[in-house]
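Here is a short report on one protein chain.

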Amino acid sequence: MHFTYEEMTANYFGLPTIVTRNPYEISTANFTVKRNANKLQRPVAGGLVETGSLKGGQIKITNVTNDTSVAGGRYFISHYDEEDI
């Protein structure tokens, strides 16, 4: 979470795979609450999400992944053929 006098943002991350230990993160949700609004900013995620569902929004799957082992991060498209059970 990040707080300023104007807004609060919450960023959630997931892992592209849990089969192997890795430093990769995929953004799973980002929310913003504006000052004195007491509710999420609409449309949520600007009306565009990468996975899941969003009423009245669009889904665009990209698998953009952040490598946190690199200073400042390095973004790439992840694809794992491994499946966890």
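Y12 is partly exposed in this predicted model, with a relative accessible area of 44%. Partly exposed covers the range between the 20% cut-off for buried and the 50% cut-off for exposed. F31 falls in that class too, at 29% relative accessibility.

**Aromatic pairs**

How many aromatic pairs does a search of the whole structure find? The search finds 2. One of them joins Y12 and F31: the ring centres are 6.3 Å apart and the planes stand at 70°, so the pair is edge-to-face. The limit for that class is over 60 degrees. This pair links distant parts of the chain. Y12 sits in strand β2, residues 7-14. F31 sits in strand β3, residues 24-34.

Y24 belongs to strand β3 and F76 to strand β7, residues 75-77, so the pair ties together parts that are 52 residues apart in sequence. Are Y24 and F76 buried or exposed? Both Y24 and F76 are buried.

The chain has 0 helices and 7 strands. Its pattern along the sequence is β-β-β-β-β-β-β. The radius of gyration is 15 Å, well over the 12 Å that the globule rule gives for 85 residues, so the chain is more spread out than a compact globule.

An open sheet takes in 5 strands. Which order do they follow? The order is β1-β2-β3-β6-β7, and the pairing is antiparallel. Strands β1 (2-3) and β7 stand at the edges. Each has a single partner strand, so one side of each is left without a neighbour in the sheet.

β7 pairs with β6, residues 64-67, in the antiparallel sense. The two strands share 3 bridges. In this pairing, F76 of β7 stands opposite T65.

**Two asparagines with positive phi**

Where does N36 lie? N36 is in the loop between β3 and β4, the latter at 48-49. Phi of N36 is near 65°, a positive value in a residue other than glycine. N36 is exposed, with a relative accessible area of 74%.

N38 is in the loop between β3 and β4 as well. It is not a glycine, yet its phi is positive, at about 55°. N38 counts as exposed at 77% relative accessibility.

**The chain as a whole**

The C-alpha trace spans about 45 × 30 × 20 Å along its principal axes. Buried residues make up 21% of the 85 residues, Y24 and F76 among them. The accessible surface comes to about 6900 Å². Carbon and sulfur atoms account for 52% of that surface.

Contacts give one further figure. Among those between residues at least 6 apart in sequence, 32% join residues at least 24 apart.

Conventions:
Residues numbered from 1 in each chain as written. Predicted model: local features only at pLDDT ≥ 70, side-chain atom pairs only at ≥ 80, totals over all residues. Heavy atoms only, no water. Phe/Tyr/Trp six-rings, centres within 6.5 Å; stacked < 30°, edge-to-face > 60°. Helix = DSSP H or I, 4+ residues; strand = E, 2+ residues; numbered from the N terminus. Buried < 20%, exposed > 50% of the residue type's maximum accessible area, 1.4 Å probe, protein only. Pairing = 2+ DSSP bridges. Rg over C-alpha atoms; globule rule 2.2 N^0.38 Å. Contact = heavy atoms within 4.5 Å. Areas by Shrake-Rupley, 256 points an atom, 1.4 Å probe, with all protein chains shown as cover.
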